[in-house]
Amino acid sequence: MLLNAILAQARNTALIMGLVACIGLLMQKKSSSDVISGTFKTVIGFMVFNIGSGAMAGVINNFTQLFNAAFSINGVTTQVELATALALDTYGTEVALIFILGFVMNLVIARFTRFKAIFLTGQHFLYFACVIALVFIAHGTPNPFTILFGSLLLGFCGAALPTLCQRFMNELTGSDTLAMGHFNCLGYALSGYVGMLFEKKNNDDKKASDSSTIHMPKVFELFRDFVFSVALFMVILFYIAVIACVINGQMDLVLKKAGNNLWFVYPFLEGLQFAAGMSVLIYGVRMFIAEITAAFVAISEKYIPNSKPAVDCPAVFPFAPTAVLIGFVGSFVGGLVAMALMVLFKSDTIMIPAAGICFFSGGTCGVFGNIHGGWKGALLGSFIVGMALTGLPLILYPAFSALGIAGASFPNVDYNIFGAILNSILSIFS
């Protein structure tokens, strides 16, 4: 019985993360108070993450039932945070080990190859670790094989994929000291090259077409607040689902879900509840990721010459703020078009674009497309990538849903392209 209890704790992801943070802090020769504080923060951060994910999961479960009943389709949100929470709940040990060893592999590859990016956006490392782990698990590979090759692939992607964006990052920042640390690098590079299709040779033409000359309506500036954009989007989605249920004779389901709340107030409260859950989840992620990332930063600075920090996508937003908003609009419209195509072609699963991913990934696509193509490059580049963010998750969703990871998906382009390639390779052998 004692052995079973120990083995159960060995699968406790919060404790695994805490142990890794403790080791990292000891390697940095931190004081005992810093080691204890950092370890506790990591474990508590992961527990906070679980609280947020639980709140989000309940809301999404209600929305899915209402939406599917209203439209007689299988609707799935492209909400990476929720998909990650579901994966960690079931396969936390595999994901955590791939995540941690993936960081180590990133450092090793950066040390001995020409790929010098040190991927510092820890939450996206975690999301990609989930995708890789789930693909391996779906094919029934042994755990040691899954963890070893999964972490190697994750480490390689962390070091190499930012290279695809480096040309545009250098043009944007005016130096070769910063890399893109967001696993949508294929999408950002594509948006940059799409922008080149609209490049103007004349300097006056360039100035006229730059996104900074476009005056976006003030209302779009509200979407710079991530929590607000998520809340508003989920409120709108809930009202669409509830009103459609009422029209289609599903009032009993609406009243059952609303409980003690007025049915026409219920969608508003659920949308805000989802945003609140996401706020808690993101706070928890940042809390436990910060302690782990700090250890790897210290190691890379000391032992890996010429390495580049790969940072999160909002780092490029100040270079073209208007392009961010254009990219958000273009990406969201692209996602809606992709969803409409799924409905038109009667797909078994309908992916629903999420406001958060459209803002961050779409906005970054806008910045990259604007470098050479002005507002036209920003709009078209983000539109194409927006379609990909909503459409590509269809490739891996059947395998993930068979593992119990259903109702949410992993939208970013890199996850799905490399995940699909891995899935195809494993299918040959399995």
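Me: Which residue of β4 is the bridge partner of Met180?

Reply: In β4, that partner is Val311. The model is predicted: local features need pLDDT of at least 70, side-chain atom pairs count only at pLDDT 80 or more, and totals for chains, interfaces and linings use all residues. Residues are numbered from 1 along each chain as its sequence is written, and side-chain values use heavy atoms, without hydrogens and water.

Me: What makes β3 and β4 a pair?

Reply: Two strands pair if DSSP finds at least two bridges between them. β3 and β4 (residues 308–311) have two bridges, in the parallel sense. So they count as paired. A strand is a DSSP run of E, at least two residues; a helix is a run of H or I, at least four; both are numbered from the N terminus.

Me: Why are β2 and β3 called edge strands?

Reply: The open sheet has the order β2-β4-β3, with parallel pairing. β2 (117–119) and β3 (179–180) each have a single partner strand, so one side of each has no neighbour in the sheet.

Me: Why are α4 and α6 called oblique?

Reply: Helix α4 (residues 80–112) and helix α6 (residues 143–160) pack at about 45°, with axes 7 Å apart. Axes are lines fitted to C-alpha atoms, for helices over the stretch in contact, and angles run from 0 to 180 degrees between N-to-C directions. Under 35 degrees is roughly parallel, over 145 roughly antiparallel, 65 to 115 roughly perpendicular, and the rest oblique. Therefore α4 and α6 are oblique to each other.

Me: How many helices and strands does the protein chain have?

Reply: The protein chain has 16 helices and five strands.
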